[in-house]
Every structure is written in C-alpha cells, then in structure tokens.
Amino acid sequence: QVQLVESGGGLVQVGGSLGLSCAASGSIFSISTMGWYRQAPGKQREWLAAITSGGNTNYADSVKGRFTISRDNAKNTVVLQMNSLKPEDTAVYYCNAAVTQLGDRFQRPYWGQGTQVTVSS
C-alpha cells in the first residue's frame, strides 16, 4: 500500500505565506508526477501545480507567480510554497502522486487526506 500524508496547513492572513508538505510512503517503486489540488466549499476540486520526477513544473493561472512546487525524489516528498495568499485561496489542499508500487506494472494515482488552509482578511 501507499500513503500520502500532508502537513503544514493552517490559518494565515491575507498577503501571508504558508508551506505545505506531502510525504509518500509504502511499497513504492517509483513516482512520476506529483501535484497539488484544492477544493473550496461548494466548488469542484481544482488542479494547482504539478512537478515531474525530472523537475519540470506546471501551474494553474490562478496560482502562477505566487505558488512554487518542489520535490525531493530521495524522500518522496513534494512541497507547495504559497505566497501572497488571498481569501479565495481558502480551501482544503490535497497532494497527488502517480505511483508505481513494487511488483506492479502500472502507475496508479494516490491522494493525501487533505489539509485545510484558511486565509483571513
């Protein structure tokens, strides 16, 4: 089995910064793309950012220039550094990883449990 555990959520003021971390563990052979999503109340889950194992990154327009995604392949972790936070960034944030387990031939998506980020004005 594979587990993704997020940490680092919380309450922050408008314009502040927050870093989220996600660690993958379990019977992992390899992880290709890792990413972050968020879901605000009453809204669909929104893709935010992704990073490949080679370090290539992509961002949604809503966070480009404010959020930075990075990863440590040796530790199977991915970090989302969020700056210049706005009230509309308030949501539950989820990490996602495309994992190939030991002994498996296929890559499968795994999700963390989510961490709440609240931006107060």
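User: What makes the place of Thr-77 a strand position?

Analyst: Thr-77 belongs to strand β8, which spans residues 77-82. Elements are DSSP runs, numbered from the N terminus: helices are H or I runs of at least four residues, and strands are E runs of at least two. The model is predicted, so local features need pLDDT of at least 70 and side-chain atom pairs count only at pLDDT 80 or more, whereas totals for chains, interfaces and linings use all residues. Residues are numbered from 1 along each chain as its sequence is written, and side-chain values use heavy atoms, with hydrogens and water left out.

User: Why is Thr-77 called buried?

Analyst: Its relative accessibility is 17%. Buried means under 20% relative accessible area, exposed means over 50%, and partly exposed lies in between (1.4 Å probe, protein chains only). Thr-77 therefore counts as buried.

User: Which residues does Thr-77 touch, not counting those up to four places away in sequence?

Analyst: Thr-77 touches Cys-22, Ala-23, Met-34, Ser-70, Arg-71 and Asp-72. A contact means heavy atoms within 4.5 Å.

User: Why are Cys-22 and Cys-95 called a disulfide?

Analyst: Their sulfur atoms are 2.0 Å apart, and a disulfide is a pair of cysteine sulfur atoms within 2.5 Å. The pair therefore meets the criterion. The structure holds one disulfide. Cys-22 lies in strand β3 (residues 18-26) and Cys-95 in strand β9 (residues 91-101), so the bond ties together parts that are 73 residues apart in sequence.

User: What makes this disulfide right-handed or left-handed?

Analyst: The torsion about the S-S bond of Cys-22 and Cys-95 is about 45°, so the disulfide is right-handed.

User: How do you know whether Cys-22 and Cys-95 are buried or exposed?

Analyst: Cys-22 has a relative accessible area of 0% and is therefore buried. Cys-95 likewise counts as buried, at 0% relative accessibility.

User: Why is Ser-120 called partly exposed?

Analyst: Ser-120 has 28% relative accessibility, so it counts as partly exposed. Ser-120 lies in strand β11 (residues 115-120) and, leaving aside neighbours within four places in sequence, is in contact with Leu-11, Val-12, Gln-13 and Val-14.

User: How many helices and strands does the protein have, and what share of its residues is buried?

Analyst: The protein has zero helices and eleven strands. Buried residues make up 40% of the 121 residues. Of the contacts between residues at least 6 apart in sequence, 56% join residues at least 24 apart.

User: What makes the radius of gyration agree with a compact globule?

Analyst: The rule is 2.2 Å times the number of residues to the power 0.38, and the radius is taken over C-alpha atoms. For 121 residues a compact globule would be near 14 Å, and the protein has 14 Å, so the value agrees. Along the principal axes, the C-alpha atoms fill a box of roughly 50 × 25 × 25 Å.
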